[in-house]
Amino acid sequence: MKSDYTIPNETRIGHVHLKVADLDRALKFYCDLLGFEITTKFGSEAAFISAGGYHHHIGLNTWYSKNAPPAPLRTAGLFHTAILYPTRKDLAVAYKRLLDANYPLTGAADHGVSEALYLNDPDQNGVELYWDRPKELWPSHEDGSLEMYTRALDLEDLLKLVS
């Protein structure tokens, strides 16, 4: 389908809603470890959580998934939820919290436009924690298109911001 329409520049992804097997376990990860705040709960089946008082950035529910195993890795579905931090130092604080909790990463990358940490939540949903470099520092090709890449992230350098 070809169209001249493009989505408005101000459009944003508002929230993600995840199926989880155990709501309390999910809340321990997203709230206790990552620092989100509960804005509302619906009994023991669902919760909405946010950063900075927004109504919700993440919805968590057990409506179809209570006590269920994680979704198979090699199936269609959500690859990861990306959580954008405002500064590199904020990402460093998140990384330090993960280290202190001995929570495993599945990867860490410098993408030129951003730096990212990758991990799985307790239900094996992928989670990316990242910060964007200022747009004027984004690498580009001669034709002006972005030159995104995946290189090793210097985690020791990141930690220097919080040491």
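1. Leaving aside neighbours within four places in sequence, L129 is in contact (heavy atoms within 4.5 Å) with L34, I83, Y85, L91, A94, L98, E115, A116, L117 and L119. L129 is also among the residues with the most contacts inside the largest nonpolar core, together with Y30, L34, I58 and L60. That core has 31 residues. A nonpolar core here is a set of buried Ala, Val, Leu, Ile, Met, Phe, Trp, Tyr and Cys residues joined through side-chain atoms within 4.5 Å. Buried means under 20% relative accessible area, exposed over 50%, and partly exposed in between, with a 1.4 Å probe and protein chains only.

2. On the basis of the values: this is a predicted model, in which local features need pLDDT of at least 70 and side-chain atom pairs count only at pLDDT 80 or more, while totals for chains, interfaces and linings use all residues. Residues are numbered from 1 along each chain as its sequence is written, and side-chain values use heavy atoms, with hydrogens and water left out.

3. Which element gives the most to the largest core? The largest core, with its 31 residues, takes seven residues from helix 1 (residues 23-33), which gives the most. Helices (H or I, at least four residues) and strands (E, at least two) are DSSP runs, numbered from the N terminus.

4. An open sheet of four strands has the order 1-4-3-2, and its pairing is mixed. Its edge strands, each pairing on one side only, are strand 1 (16-19) and strand 2 (37-42). On average, neighbouring strands of this sheet are turned by 20 degrees against each other, direction ignored. The axes are lines fitted to C-alpha atoms, for helices over the stretch in contact, and angles run from 0 to 180 degrees between N-to-C directions. Two strands count as paired if DSSP finds at least two bridges between them.

5. The pairs in this sheet can be taken in order. Strand 1 and strand 4 run parallel and are joined by four bridges; L18 has L60 in strand 4 as its bridge partner. Strand 4 also pairs with strand 3 in the antiparallel sense, over four bridges, and here F48 stands opposite G59. Strand 3 (residues 46-50) pairs in turn with strand 2, antiparallel over five bridges, with I38 opposite I49.

6. In a regular strand the side chains alternate between the two faces of the sheet. In strand 4, I58 and L60 point one way and G59 and N61 the other, and all are buried. Is T62 buried or exposed? T62 is buried, with a relative accessible area of 5%. Not counting residues up to four places away in sequence, T62 touches V20, A21, D22, L23, S44 and E45.

7. Strand 7 is mostly covered, with six of its seven residues buried. Strand 6 (residues 107-110) pairs with strand 7 in the antiparallel sense over four bridges, and A108 has L117 as its bridge partner. These two strands form a hairpin with three residues between them, and G112 in the turn has a positive phi of about 80 degrees.

8. Strand 7 also pairs with strand 8, antiparallel over seven bridges, and A116 stands opposite Y130. This hairpin has five residues between the strands, and Q124 takes a positive phi near 65 degrees. N125 is in the loop between strand 7 (114-120) and strand 8 (126-132). N125 is buried, with a relative accessible area of 18%, and touches L18, K19, L119 and N120, not counting residues up to four places away in sequence.

9. Helix 2 (residues 88-100) has 13 residues and reaches 18 Å from its first C-alpha to its last, close to the 18 Å expected at 1.5 Å a residue. The expected span is 1.5 Å times one less than the number of residues. The buried residues of helix 2 are R88, L91, A92, A94, Y95 and L98. Seen down the helix axis, they fall within an arc of 160 degrees, so they line one face of helix 2; the arc is that of the directions from the axis to the C-beta atoms. They pack against helix 1, strand 5, strand 7, strand 8 and helix 3 (155-159). N102, which follows helix 2, has a positive phi near 55 degrees.

10. E136 is in the loop between strand 8 and strand 9 (151-152). E136 is exposed, with a relative accessible area of 66%. E136 and V113 are 23 residues apart in sequence and 9.6 Å apart in space, C-alpha to C-alpha.
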